[in-house]
Amino acid sequence: MTDSPLLPAGTTLWISGARVLLPDSDWHAPAMADIAIQDDRILAVAPRFEPRPGAPAPERLDARGHLVIPGFVNAHYHSHDVLAKGTLEQVPLEQWRLYALPAQYPPRSLEEVRARTLLGALECLRSGMTTVQDMLTLYPFDPAHLDTVLQAYEDVGIRVVFSLQYGDRKGLDTVPYWKDIFPAEYHHLLSSAAEPEKRFDLLGHFEETCLKAPAKARRHWALGPSAPERCTPELMARTVDLAKRYDIPVYSHIYESKGMALQARLELQQYGGSLIRRLHAEGCLGPHMNFAHSVWLAPDEIEILAETGAGTVLNPQGNLKMQCGLPPIKALMRAGVRIGLGCDNCSCSDAQNMYAAMKLFSLLATVSEFRKGPPPAMEAMKAATEGGAAGARLGHLIGKIAPGYKADLSIVDLADPSFVPLNSVVRQLVNIEGGRAVRHVMVDGEWVIRDRKFTTVDEAAIFDEVEAVMPTFRKDFADIGARVAMLQPWLDQAQEKMHASDVGIERLPRLS
Ligand SMILES: [Zn+2]
């Protein structure tokens, strides 16, 4: 006789014998558990199930020697520059924009748009991400590009929280000193993350074709006002109105670099030089709001986020590479501000790898203040799962392994040097594993990676599709590189002036 419960009726997949990272388990040594899945949902979890006599046996995965964790949520990402991975290093943010952002490029082919979307999604999935928030700039906007992107996500099978990136102020007007320092004949070359779309109402189009479209299981919508300084109060108000009406999240960049904090100091004197105070006064803050980066938040601004329930998404890889600085991680945690984790663009972070993001988060948290904070590996894991899920307004569906939740899972092989000897699962996930041990990945109850092989798409064929579009991309990237080189003297001058300015807080080590 055994006290184990019977496998629940309706189970379609039984994952047995693995260690399972449950919300209330000891994350250093999670116990063995069985997971019963019915179609797209987790039906039940128990230390062990007994087969149901007489009932047809469901599919069973013997997962002994493995660890089941919730799929990661890549809470900040842009698929528009996947092909630029590995092209840059040591580039300050304001200069990086001139290499990476769609407004710099000639229009792209549908083949390129499809190939880059698939490639980015493959890399996300390989490191156990099951959800990605794509804040996509399509410039100039072409509805066929949008359709291509959405179809690519559907084909590969990752869960997507999709937003278009938009703004209604020109980039040149939102970067300190550029307008004065650059000769006027070069002003048209200085665009930003989302240039105003003049031909038609992008947000209206998004509402009609996306927000009002029939729901799909793995597709969720979001809004992407590029950054508050690139959006007028009218556009922000419209964004918040849509977010509330459709109950969807908003993602916006804030205070990524010192230049962005300086722009606020220069432009928003009526709000004490604070973007957060401006947005608060405009009624834009609330639980639906997510601020990517948040590196140069001041202490009083952190308090306002905590009070209003607005959250952050940290992207440590890009912040370091682009000399932006160290986010105030312990202060955010102490205030109770929601934190998600992202890998941002491929040209600034290179890797769509949540293990890399978690490790940097944990280490930067450690040095963000000398006084002790919460255990950083645990917090990194929570940010990569629950934090990102809550920010997407999907905290009731994903980010945890619990009955009723979506079966979005990553199964990690513990027979990997990362986990031998097994001293602390959570510390070894965050500080040692890099994605090598990810063996199976499931989204919405469907295997997307089984035994390290994609089941939904042909990975080698996608790599061929990428190679086919690279000659055009490389030529355009080289042209852009030459243009940036021509602009370099003025870029350097503006950068120096920005760094010499005082914004009242410091987020960079003293760089000489
Ligand atoms: Zn971004």
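The buried residues of α5 pack against α3 (143–156), β8 (159–166), β9 (219–221) and α6 (233–246). Here, buried means under 20% relative accessible area, exposed means over 50%, and partly exposed lies in between (1.4 Å probe, protein chains only). Helices (H or I, at least four residues) and strands (E, at least two) are DSSP runs, numbered from the N terminus. Seven of the 10 residues of α5 are buried, so this helix is largely enclosed by the rest of the structure. Those buried residues are L202, L203, G204, F206, E207, C210 and L211.

The model is predicted: local features need pLDDT of at least 70, side-chain atom pairs count only at pLDDT 80 or more, and totals for chains, interfaces and linings use all residues. Residues are numbered from 1 along each chain as its sequence is written, and side-chain values use heavy atoms, with hydrogens and water left out.

The protein chain is divided into domain 1 (13–69 + 408–454) and domain 2 (72–391), with bounds that come from an automatic or database domain assignment. Their C-alpha centres lie 31 Å apart. At the boundary, 26 residues of domain 1 are in contact (heavy atoms within 4.5 Å) with 25 residues of domain 2.

A zinc ion is coordinated by H76 (NE2), H78 (NE2), H253 (NE2) and D344 (OD), at 2.1 to 2.5 Å. Donors are N, O and S atoms within 2.8 Å of the metal (3.2 Å for Na, K and Ca); water is not among the atoms, so sites may look incomplete. Along the chain, the donors follow the spacing H-x1-H-x174-H-x90-D. H76 lies in strand β6 (residues 72–77) and H253 in strand β11 (residues 250–254), so the pair ties together parts that are 177 residues apart in sequence. Both H76 and H253 are buried.

Next come the aromatic rings. Rings of Phe, Tyr and Trp (its six-membered ring) pair if their centres lie within 6.5 Å; planes under 30 degrees apart count as stacked, over 60 as edge-to-face and the rest as tilted. By this rule there are 10 aromatic pairs. Two of them are described here.

| Pair | Centres apart | Angle of planes | Class |
|---|---|---|---|
| Y105 and F473 | 5.9 Å | 15° | stacked |
| Y186 and W490 | 5.3 Å | 55° | tilted |

Y105 is in the loop between α1 (93–100) and α2 (110–126), while F473 is in helix α16 (residues 459–500), 368 residues apart. Both Y105 and F473 are buried. Ring pairs also link Y99, Y105, F473 and F477 into a cluster.

Y186 is in the loop between α4 (178–181) and α5 (202–211), and its partner W490 is in helix α16, 304 residues apart. W490 counts as partly exposed, at 22% relative accessibility.

Charged side chains also meet rings. A charge sits over a ring if NZ of Lys or CZ of Arg is within 6 Å of the ring centre and within 35 degrees of the ring normal. The charged end of R60 sits over the ring of W14, 3.8 Å from its centre. Likewise, the charged end of K497 sits over the ring of Y177, 4.3 Å from its centre.

R483 lies in helix α16 and is partly exposed, with a relative accessible area of 24%. Not counting residues up to four places away in sequence, R483 touches Q104 and L189.
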